[in-house]
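Dear colleague,

Please have it open while you read the notes that come after it.

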Amino acid sequence: FRIMAGKVKWVTDIEKSVLINNFEKRGWIQVAENEDWNFYWMSVQTIRNVFSVEAGYRLSDDQIVNHFPNHYELTRKDLMVKNIKRYRKELEKEGSPLAEKDENGKYIYLDFVPVTFMLPADYNLFVEEFRKNPSSTWIMKPCGKAQGKGIFLINKLSQIKKWSRDSKTSSFVSQSSKEAYVISLYINNPLLIGGKKFDLRLYVLVSTYRPLRCYMYKLGFCRFCTVKYTPSTSELDNMFVHLTNVAIQKHGDDYNHIHGGKWTVSNLRLYLESTRGKEVTNKLFDEIHWIIVQSLKAVAPVMNNDKHCFECYGYDIIIDDKLKPWLIEVNASPSLTSSTANDRILKYNLINDTLNIAVPNGEIPDCKWNKSPPKEVLGNYEVLYDEEMAQSDGTDRDLRSRPGQSTGVKGSRARDAGKPVLTTWK
């Protein structure tokens, strides 16, 4: 197959529909207006084949692809946590104020991932943690699956042992050939709206990791459960209460096919401003931006920053009832199929805006350009962090105060209690 990119224009709505409906059914699909130049949106497996040593493919300067070769350093659940833990330790060794801890030994600024262990490797560490708080609930997820597959909740050690036996694994002491899982402390106090749990799906485009340049898509959305939330142990097996994945919720009796159980981020922001106040809402969204940038910085040193690559990630964030955001996972191939009319419009725009940044002005791509497109082509994207610009401005400094004091891109100013406050977290 050819991997090329070029001028992208949609011909008809029917063509768009066919393309989007096939995104997840094929390894790659052609997205182009003619046969002169082709752009192929590839699956993660196809990318792996392209960059494998055995395949022997070599990309030319006018060829770009939509994943980094080892994107899984961020998008595999176990590797994401491992890289964030390593990042914290490195900052600690450097004496960075970012790695500061409170009196209980918790990170003040970098505590944005629930306590997580890998199974079977970390079984003994998990048991030790579990026994500190035996009434806690934990969520188990297979490392390499998506759409809520294979996820379940536990609140007893006997349930882990049963899972182990069912999986034909005799011991947790050594690694086994069975599929690896992560087990994370369950956020059992989620922010509820209408009594229902929800999470945020946010889109983040990374054009280069070194220097780091990333963009936030303004049109993210909330995904709601169809059944009201309860922390009751009798409902631990009811995934319609606990998992927000559309792939699961669409099978619920109360699933609404018109709005798909989704709310726009702008609606969430309006709701929070009216119920909790503008100041804390701004702080929440600034902390979400902080989490995204720090997670990208955590993997930047190990990411294969191939000049032919860009990537649009799907970030899943949960907000607890104290308005603290938590990073749950990052998706390498966020769903581009549409479940509602609004969904369809959003994802058309997402694809269009992403390609306009990856291939500005529809020109023949050149992987040697500096990947900093003009502002007018950003569409619904906004620059979240530009490391090169931050360093040249002298503003990429260590954090001296609690993040979340302002919103917007680096160097912007925001109002806090009526006074302008310089953005500090970036």
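What follows is an account of what was found, going from the whole chain to a few of its elements.

Please keep in mind throughout that this is a predicted model. The chain holds 12 helices and 16 strands, and 52% of its 426 residues count as buried. Among the contacts in the chain with a separation of 6 or more, 67% are accounted for by residues 24 or more positions apart.

I begin with an open sheet of four strands, in which the order is S3-S6-S4-S5 and the pairing is antiparallel. Its edge strands are S3 (116-119) and S5 (152-154), each of which pairs on one side only, and from one strand to the next the twist averages 30°. Strand S4 (residues 138-142) is joined to S5 by three bridges, with the two running antiparallel, and Trp-138 has Ile-154 in S5 as its bridge partner.

Two helices lie across this sheet. Helix H4 (residues 77-94) lies across S3, S4 and strand S6 (181-185), and runs at about 130° to S3, whereas H5 lies across S3, S4, S5 and S6, and runs at about 140° to S3. Within helix H5 (residues 123-132), the buried residues are Tyr-123, Phe-126, Val-127 and Phe-130. These cover an arc of only 100° around the axis, and they therefore sit on the same side of H5, while Asn-124, Glu-128 and Lys-132 are exposed on the other side of the helix.

In the loop between H4 and S3 lies Ser-96, which counts as buried because its relative accessibility is 10%, the cut-off for buried being under 20%. The side chain of Ser-96 reaches the backbone nitrogen of Leu-98 at 3.1 Å.

Once its neighbours within four places in sequence are left aside, Ile-193 is in contact with Phe-198, Phe-224, Trp-263, Leu-268 and Tyr-271. Ile-193 and Tyr-229, which are 36 residues apart in sequence, have their C-alpha atoms 9.8 Å apart in space.

Strand S12 (residues 311-319) deserves a paragraph of its own. Nine of its nine residues are buried, so the strand is largely enclosed by the rest of the structure. Glu-311, Tyr-313, Tyr-315, Ile-317 and Ile-319 point one way from S12, and Cys-312, Gly-314, Asp-316 and Ile-318 point the other way, with all of them buried. S12 pairs in the antiparallel sense with strand S8 (residues 196-209) over seven bridges, and likewise in the antiparallel sense with strand S13 (residues 325-331) over six bridges. Asp-316 takes part in both pairings, being the bridge partner of Arg-201 and having Glu-329 in S13 as a bridge partner. S12 and S13 form a hairpin with five residues between them, and in the turn Leu-323 has a positive phi of about 60°.

The buried residues of H11 include Asp-343, Lys-347 and Asp-353, along with Leu-346, Tyr-348 and Leu-350.

With best regards

Technical notes:
Residues numbered from 1 in each chain as written. Predicted model: local features only at pLDDT ≥ 70, side-chain atom pairs only at ≥ 80, totals over all residues. Heavy atoms only, no water. Buried < 20%, exposed > 50% of the residue type's maximum accessible area, 1.4 Å probe, protein only. Arc of directions from axis to C-beta. Pairing = 2+ DSSP bridges. Axes fitted to C-alpha atoms, helices over the stretch in contact; angles between N-to-C directions. Contact = heavy atoms within 4.5 Å. Polar contact = N/O pair within 3.5 Å; in protein donor to acceptor, adjacent residues only side chain to side chain.
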